Amino acid sequence: MTQRVWTMPLRKLFSVIALVFLTVNTANAELLIRITEGADAAIPIAVVPFSESGAVPPGDKVGDIVHSDLAMSGEFRPLPAEKMLSLPSKREEVFFRDWRLLGQRYVLVGSLTRQGDRVSARYELFDVNTEERLLGETAAAPASNMRSLAHHVSDKVYEAITGVPGAFSTKLAYVTLDTFNGKPRYRLQVSDVDGKRARVRLESQEPILSPAWSPDGKKLAYVSFETGKPVIFVHELATGNRTAVADFPGLNSAPAWSRDGRSLLMTLSKDGNAEIYRMNLASRQLTKITNHWAIDTEPSWDHTGDGLFFTSDRSGGPQIYHKESERAAPRRITFGSRYNARPRPDNTGDFVYYVHQRNSAFHIARTNLDTGEETILTRTESDESPSVSPNGRMLIYATKQGSDSVLTVISVDGGAAYSLPASEGDVREPAWGPLVR
């Protein structure tokens, strides 16, 4: 793994509060986008540039953003505009024979109209082979918010074809590190899933770790060392209000929200050993969920909202365990190597994803919960902090690519990937936000 900055024995805690940054001399950490690998079975689709009427804002083009969104999913292979034989904006202008000649399965056409301070998008999606209209809608947004309008269109197109809700309108949270006036500067940031429109939500000279989204997307829980020790905070994004909810002696780490947003799982060592607790956020009442001489940490609710996965070294090294309920006996899930940690289940109960050590390399792997089959998904060697998209189709994690510190998104079968490197500095601890309707 990457170099650890602290000398305290946090490595033994399976990177729960291990710092994953190298201190570097940089000034900004805007996320870029770099598609590194496409899926062999990607679906060909033509996203025709939308026509424009009225003073549509310059800059971000809706068609270009939809094109990029679909490409990033790894499930689509959009046709470059320069290869299109025509640029239709409505059905009457679509010559399906031309699109079949170009090998396209679907074609998306649309137009933008400026009306006052709002822009309306009228768009239609067609199956090229059957010439059937699969989607037709008009959506509107403020002229200052064209990116949200484009992500909405991407979500609708993705769902119309796959039957699964798109996740392009969701958000990412992550932590960047650079130096300012010779001192480390940690920033908790929130951006679109393509790294655009990043906003700093917290800045500190001390580490910020383990951001976790509330189910309504309005709050983040995280660990901050701003007081000189790890403390769990809950941060309201709209107001900036922050509340320290776990400031016990020893370790306070690894927050994970319940499905109803009323409680947090967390790891505490207030009684001398690292155990998993659930805190009722209204009453601050604690319920102890594990009670073992080993280190139990990194909890994550399963798809039912009643059970949980966690990391424990009770078998001699860090492995993934599952409890079907808070009172159930834990069952070991992983066996493929001596180090498996940071479990993140999908939303269907089919798979759990985690950091897996093979020889000296750390990869992202998954285990099929029905068969126990383990699959290594990544080929990079310093991978950590996996987070599953809310539609269960993509996975983001932190890694190193050469000297670059990047976030990488892959399809959940490992068949496609794109990376979000920081333009300068290091970026780590990604957390994929929820679907918010």
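Leaving out residues up to four places away in sequence, Gln 357 touches Ser 337, Arg 338, Tyr 339 and Phe 362, where contact means heavy atoms within 4.5 Å. The structure is a predicted model, in which local features need pLDDT of at least 70 and side-chain atom pairs count only at pLDDT 80 or more, while totals for chains, interfaces and linings use all residues. Numbering starts from 1 along each chain as its sequence is written, and side-chain values use heavy atoms, with hydrogens and water left out.

**Strand residues**

Gln 357 belongs to strand S24, residues 351–358. Helices (H or I, at least four residues) and strands (E, at least two) are DSSP runs numbered from the N terminus. Gln 357 is buried, at a relative accessible area of 9%; buried means under 20%, exposed over 50% and partly exposed in between, with a 1.4 Å probe and protein chains only.

Ile 276 is located in strand S17, which spans residues 275–280. Its relative accessible area is 0%, so Ile 276 counts as buried. Not counting residues up to four places away in sequence, Ile 276 touches residues that include Leu 265, Met 266, Thr 287, Ile 289, Asp 296, Pro 299, Leu 308 and Phe 310.

**Loop residues**

Val 193 sits in the loop between S9 and strand S10 (199–204). With neighbours within four places in sequence set aside, Val 193 is in contact with Ala 167, Phe 168, Thr 170, Lys 171 and Leu 172, and also with Tyr 418, Leu 420 and Trp 432. The C-alpha atoms of Val 193 and Phe 168 are 6.2 Å apart, and the two residues are 25 residues apart in sequence.

Ala 329 is in the loop between strand S21 (319–323) and strand S22 (331–332). Apart from neighbours within four places in sequence, Ala 329 is in contact with His 322 and Lys 323. Between the C-alpha atoms of Ala 329 and Thr 290 there are 9.4 Å, for a separation of 39 residues along the chain.

Most residues other than glycine have a negative phi. Asn 181, in the loop between strand S8 (171–180) and strand S9 (183–192), has a positive phi near 55 degrees. Asn 359, in the loop between S24 and strand S25 (361–368), has a positive phi of about 60 degrees and is not a glycine.

| Residue | Relative accessibility | Class |
|---|---|---|
| Val 193 | 2% | buried |
| Ala 329 | 64% | exposed |
| Asn 181 | 69% | exposed |
| Asn 359 | 68% | exposed |

**Helix H1 and its packing on H3**

Two packed helices are described by the angle between their axes and the distance between the axes. Helix H1 (residues 62–72) and helix H3 (residues 146–162) pack at about 50 degrees, and their axes are 9 Å apart. The axes are lines fitted to C-alpha atoms over the stretch in contact, and angles run from 0 to 180 degrees between N-to-C directions. The two helices, H1 and H3, are therefore oblique to each other; that class is what remains after under 35 degrees (roughly parallel), over 145 (roughly antiparallel) and 65 to 115 (roughly perpendicular).

On the H1 side, the contact is made by Val 62, Ile 65, Val 66, Asp 69 and Leu 70, which meet H3 residues including Met 146, Arg 147, Leu 149, Ala 150, Val 153 and Val 157. Of the H1 residues, 8 of 11 are buried, so H1 is largely enclosed by the rest of the structure. Among the buried ones are Gly 63, Asp 69, Ala 71 and Met 72. Just after H1, Gly 74 has a positive phi of about 80 degrees.

**Nonpolar cores**

A nonpolar core is a set of buried Ala, Val, Leu, Ile, Met, Phe, Trp, Tyr and Cys residues joined through side-chain atoms within 4.5 Å. The largest has 29 residues, of which Leu 108, Leu 112 and Val 157 touch the most other members. At least two residues of this core come from each of strand S2 (43–47), H1, strand S5 (106–115), strand S6 (118–127), strand S7 (132–142) and H3. H3 gives the largest share, 7 residues. Not counting residues up to four places away in sequence, Val 157 touches Ile 45, Leu 70, Leu 108, Leu 125 and Leu 135. A second, separate core has 16 residues, including Ala 221, Phe 225, Val 234 and Met 279.
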